[in-house]
Every structure is written in C-alpha cells, then in structure tokens.
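Here are a few friendly notes to read alongside the model. Please have the sequence and the structure open as you go.

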Amino acid sequence: QGVDLWLNNPRRPHEASGTSGMKVIPNAGLNLSILDGWWDEAYQPGLGWAIGDREDDDPDEGRQDWLDSRSIYHLLENEITPAFYHRTEQGIPREWTAMVKRSIAGMASNFSTNRMVRDYTKRFYMPAAEAFTNLSSNGMERAKAALAWRDSVRLNWGQLRILSVTDTAGVSNVLGKEFDVRVVAHLGSLKPEEVRVQAVVGKVGPNRDLVSTRIQDLQPVGQEDGNSVFAGHIVCDVPGYQGYTIRVIPHHEDVHVPSELSLVLWE
C-alpha cells in the first residue's frame with residue numbers, strides 16, 4: 001500500500017506545481033514541502049510537514065539541495081514512515097488518519113477554488129473595475145491627469161537626490177526592538193505625495209546583498225532647508241544579520257503599478 005503524500009519543492013518550479021498540493025487535501029493526502037507559496041501560509045504542525053524553515057534560501061543551489069534532502073530523509077525516517085506504517089490489528093494507521101482528518105478540517109475550506117476566486121475578485125477584479133470606472137468618467141479627466149503626471153515624473157526624476165539617511169539602531173539589536181529611520185531627500189519639482197520613500201529590509205547575504213526582503217514605507221514628516229524629510233520605524237522581528245537600504249519610487253493614486261514607469265532612486 002502506497003503512502004498518500006505529496007512532495008513538492010517550489011525551489012525547482014519546472015519540476016512541480018505548488019498549487020497541486022492544495023488538491024491533495026480533500027483527497028485525503030498530506031503535504032510535505034518547503035515553506036514557500038501557499039504552504040507557507042497553510043502549514044501548521046500536525047497538518048503536514050515542512051522541509052527546512054523560512055530562513056533556508058542558500059544561493060548555492062547544490063548546498064540548498066543537500067540541506068533539503070537531509071530534512072526530507074529526517075522527516076521520512078522519524079515522522080512520516082512511522083506514522084503511516086504503525087497500525088492497529090485491523091491494519092488502520094491511526095496516527096496517519098488522524099492527521100489526514102485534521103488536515104481536511106483545518107485547511108480544506110480555506111485553501112480551495114472558492115477562496116481563490118473570492119480573493120481574486122476582492123483584491124484584483126473589483127479594484128480594477130473600479131479604477132476603470134474612475135479613469136473613464138468625466139471625459140477621461142482622471143486618466144488624462146495620470147498621463148500628465150507620468151510625463152512630469154519622467155521629465156523631473158533626474159532632479160531627485162537622497163541627501164542623508166540616519167537611524168537609531170545600535171551595533172546589535174535584540175529581537176523585537178524598534179528603531180527609527182530618517183531620510184532627507186531633494187525632490188526637485190515633485191511633491192512628497194508624488195513619491196514613496198521606502199526602507200527595503202532583509203537578511204544580509206554572503207556578498208552583503210539583501211535577500212528575503214520586505215518593504216517598509218516611510219512617511220513625510222516635514223521640510224528641512226527646502227528638502228523633504230521622511231521617517232518611520234523598523235522592527236527587528238527576524239533573527240540573524242539584517243540590514244536595510246533606502247529607495248524612492250513614483251506614486252500616484254491612479255497608477256496602481258509603481259514599476260510601470262521603471263523609475264527608482266536607490267540610496
């Protein structure tokens with residue numbers, strides 16, 4: 001008798017589809033995958049198994065494969081195989097079937113086509129329809145304004161300068177600590193509300209590049225010698241060596257894809 005286990009490794013997207021793991025749940029199977037994509041959101045101990053942890057993302061693919069394989073073999077030997085093959089006199093793997101029931105009860109209703117369609121509708125289709133209505137009303141007034149803004153930003157982007165970046169972080173910071181970041185930027189003819197000043201926070205990689213990044217928006221807080229000041233807080237919520245850098249991107253309420261202009265200013 002085979003084991004109804006779905007093994008997926010999204011680090012190799014050409015080899016398997018991560019969404020296929022969702023189909024396993026209502027079919028009484030269990031998932032074993034790295035914490036990426038939908039499984040990062042769905043995984044809970046007792047509902048399936050995770051390969052490694054969220055910090056595993058070695059740029060050396062060979063080493064990462066080795067780490068993943070060690071995790072897989074450890075889980076197979078110590079958790080998955082015993083759960084499936086330890087059976088009652090009637091041949092029922094009680095621990096395995098209990099886990100399948102918990103998996104269905106805990107995830108089947110939330111990770112489904114119904115939820116997918118609902119999320120796409122609320123997060124993308126309805127906002128897109130509303131944006132179309134707004135842009136096309138009053139003789140395309142807002143669309144024309146957005147087009148004029150785009151041309152203005154492209155023309156004046158070369159004036160932007162990040163003059164200074166300061167923070168209150170120490171040499172080492174305990175987990176959970178917050179520190180302040182303050183940026184002084186010269187925006188030229190652009191207004192503070194026409195840009196987003198952001199802290200890009202991430203793990204410091206082997207070449208001092210940032211990986212596993214997240215974005216923290218800084219807010220405009222005033223002027224200093226005719227330049228705009230932005231400030232915000234960064235929370236030290238991930239263990240290990242972390243860093244940040246500052247970037248400026250265009251912003252307009254009717255332009256919903258910031259990368260549409262292909263403009264960014266880095267610290």
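1. Does Arg-115 count as buried or exposed? Arg-115 counts as buried, because its relative accessibility is 15%; buried means under 20% relative accessible area, exposed over 50%, and partly exposed in between, with a 1.4 Å probe and protein chains only. This is a predicted model, in which local features need pLDDT of at least 70 and side-chain atom pairs count only at pLDDT 80 or more, while totals for chains, interfaces and linings use all residues. Residues are numbered from 1 along each chain as its sequence is written, and side-chain values use heavy atoms, with hydrogens and water left out.

2. You will find Arg-115 in helix α5, residues 113-156 (helices are DSSP runs of H or I with at least four residues, strands are runs of E with at least two, numbered from the N terminus). Leaving aside residues up to four places away in sequence, Arg-115 touches Glu-41 and Asn-110; contact means heavy atoms within 4.5 Å.

3. Helix α5 also holds Phe-124, which counts as partly exposed because its relative accessibility is 41%. Together with Met-116, Val-117, Tyr-120 and Tyr-125, Phe-124 forms a nonpolar patch on the surface, with about 510 Å² of accessible area. Such a patch joins nonpolar side chains (Val, Leu, Ile, Met, Phe, Trp, Tyr) within 5 Å, from residues with over 30% relative accessible area and no salt bridge (a side-chain nitrogen of Lys or Arg within 4 Å of a carboxyl oxygen of Asp or Glu). Areas come from the Shrake-Rupley method with a 1.4 Å probe.

4. The largest nonpolar core has 26 residues, and Trp-157, Leu-160, Val-195, Val-197, Ile-246 and Val-248 touch the most other members. At least two residues of this core come from each of α5, β5 (178-186), β6 (195-204), β8 (227-235) and β9 (242-250). Another core, of 13 residues, lies apart from it and includes Trp-49, Ile-72, Ala-83 and Phe-84. A nonpolar core is a set of buried Ala, Val, Leu, Ile, Met, Phe, Trp, Tyr and Cys residues joined through side-chain atoms within 4.5 Å.

5. Finally, the whole chain: its secondary structure comes to 5 helices and 10 strands. The radius of gyration is 25 Å, well over the 18 Å that the globule rule gives for 267 residues, so the chain is more spread out than a compact globule (taken over C-alpha atoms; the rule is 2.2 Å times the number of residues to the power 0.38). Buried residues make up 30% of the 267.

Key. Patches are made of residues with over 30% relative accessible area and no salt bridge: like charges are joined within 9 Å, nonpolar side chains (Val, Leu, Ile, Met, Phe, Trp, Tyr) within 5 Å.
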